[in-house]
Amino acid sequence: AAKKAMEIVCQYDAVDIICINDDVCTGTGTIISPTMMKALWKPRIEELIRLPKEKGKFLTYHSDGKIEPILPWLVEMGFKAIHPVEPYANDIYNLKKKWGKQITLMGNIDITMLRFGAPEKIHTDVVKHINELGPEHYIVSSSNSLIQDISPQNFLAMTDAVCQQKG
């Protein structure tokens with residue numbers, strides 16, 4: 001079914017970016033052993049993205065958890081960005097040093113802070129991310145899905161920090 005869906009999506013020239021959502025990591029690493037990941041997961045993903053790569057689509061990958069174990073494979077397969085780089089499981093600053101020229105990091109703005117933090121703290125954290133991770137190969141985003149419990153003020157603190165940094 002996934003391969004058929006990919007064939008349909010790739011028919012549209014207006015679709016430039018394709019995100020594969022496939023949570024394969026936990027807070028400590030991959031959900032199955034690296035050996036099994038390489039044998040089972042990697043070939044499945046390579047086949048799934050064959051057509052969008054041929055069509056020149058920009059590929060992003062989403063997995064919660066500690067993503068560093070799969071980053072070499074994602075880069076090798078041609079993914080251009082990874083999301084959400086959850087802070088509880090990843091040191092985004094270290095990942096940027098190691099992988100920042102090869103893949104764009106998206107996210108890492110702590111969802112718990114967005115939910116419960118003060119707008120000033122959110123603003124400061126977003127500015128730190130931009131200053132230390134930008135200007136290339138980093139996209140500001142939350143560390144997980146934005147949920148209704150996030151106040152408009154806290155969401156605006158994140159977006160305003162981005163807008164202020166742009167000029």
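## Overall architecture

The protein has seven helices and five strands. This is a predicted model. Read from the N terminus, the elements run α-β-α-β-α-β-α-β-α-α-β-α.

How does the radius of gyration fit the chain length? A compact globule of 167 residues would have a radius of gyration near 15 Å, and the protein has 17 Å, which agrees. Along the principal axes, the C-alpha atoms fill a box of roughly 45 × 35 × 30 Å.

## Inside and surface

Of the 167 residues, 44% are buried. Take the contacts between residues at least 6 apart in sequence: 67% of them join residues at least 24 apart.

The accessible surface comes to about 9200 Å². Carbon and sulfur atoms account for 55% of that surface. As for charge, there are 19 positive and 20 negative side chains. The centres of these two sets lie 6 Å apart.

## Strand S2, residue by residue

Strand S2 spans residues 58-62.

Start with Phe-58, which sits in S2. Is Phe-58 buried, exposed or partly exposed? Its relative accessible area is 35%, and the cut-offs are under 20% for buried and over 50% for exposed. Phe-58 is therefore partly exposed. Leaving aside neighbours within four places in sequence, Phe-58 is in contact with Asp-16, Ile-17, Ile-18, Lys-80 and Ala-81. Gly-78 is 20 residues from Phe-58 in sequence, and their C-alpha atoms are 8.8 Å apart in space.

Next comes Thr-60, also placed in S2. Thr-60 counts as buried because its relative accessibility is 7%, under the 20% cut-off. Beyond its neighbours within four places in sequence, Thr-60 is in contact with Ile-17, Ile-18, Cys-19, Ile-20, Phe-79 and Ala-81.

With a relative accessible area of 12%, His-62 is buried. Apart from neighbours within four places in sequence, its contacts are Cys-19, Ile-20, Asn-21, Asp-22, Asp-23, His-83 and Pro-84.

## Helix H4 and its buried side

Helix H4 covers residues 92-99. Which residues of H4 are buried? They are Ile-92, Leu-95, Lys-96 and Trp-99. These residues cover an arc of only 105° around the axis, so they lie on the same side of H4. An α-helix has 3.6 residues a turn, so residues three or four places apart point the same way.

What do the buried residues of H4 pack against? Their partners are helix H3 (71-77), strand S4 (104-106), helix H6 (119-133) and strand S5 (138-139).

## The loop between S3 and H4

Strand S3 covers residues 81-83, and a loop lies between it and H4. Pro-84 is in this loop. A cis peptide bond joins His-83 and Pro-84, with omega about 10°.

Val-85 lies in this loop too. Val-85 has a positive phi of about 50°, although it is not a glycine. Is Val-85 buried or exposed? Its relative accessible area is 0%, so Val-85 is buried.

Ala-89 is also found between S3 and H4. Ala-89 has a relative accessible area of 10%, so it is buried. Setting aside neighbours within four places in sequence, Ala-89 is in contact with Gly-27, Gly-65 and Lys-66. Ala-89 and Gly-29 are 60 residues apart along the chain, yet their C-alpha atoms are separated by 8.5 Å.

## Other loops

Thr-28 is in the loop between strand S1 (17-21) and helix H2 (34-54). At 72% relative accessibility, Thr-28 counts as exposed. Asn-144 is 116 residues from Thr-28 along the chain, and 17 Å separates their C-alpha atoms.

Asn-108 lies in the loop between S4 and helix H5 (111-116). Its phi is near 80°, a positive value in a residue other than glycine. Where does Asn-108 stand, buried or exposed? Its relative accessibility is 5%, so Asn-108 counts as buried.

Pro-135 is found in the loop between H6 and S5. The peptide bond from Gly-134 to Pro-135 is cis, with omega near 5°.

Methods: Residues are numbered from 1 along each chain as its sequence is written. This is a predicted model: local features need pLDDT of at least 70, side-chain atom pairs count only at pLDDT 80 or more; totals for chains, interfaces and linings use all residues. Side-chain values use heavy atoms; hydrogens and water are left out. Helices (H or I, at least four residues) and strands (E, at least two) are DSSP runs, numbered from the N terminus. The radius of gyration is taken over C-alpha atoms; the globule rule is 2.2 Å times the number of residues to the power 0.38. Buried means under 20% relative accessible area, exposed over 50%, partly exposed in between (1.4 Å probe, protein chains only). Contact means heavy atoms within 4.5 Å. Accessible areas come from the Shrake-Rupley method with a 1.4 Å probe; for residues, only the protein chains shown count as cover. Lys and Arg count as positive and Asp and Glu as negative; His and the chain ends are not counted. The place of a charge is taken as NZ of Lys, CZ of Arg, CG of Asp or CD of Glu. The arc is that of the directions from the helix axis to the C-beta atoms.
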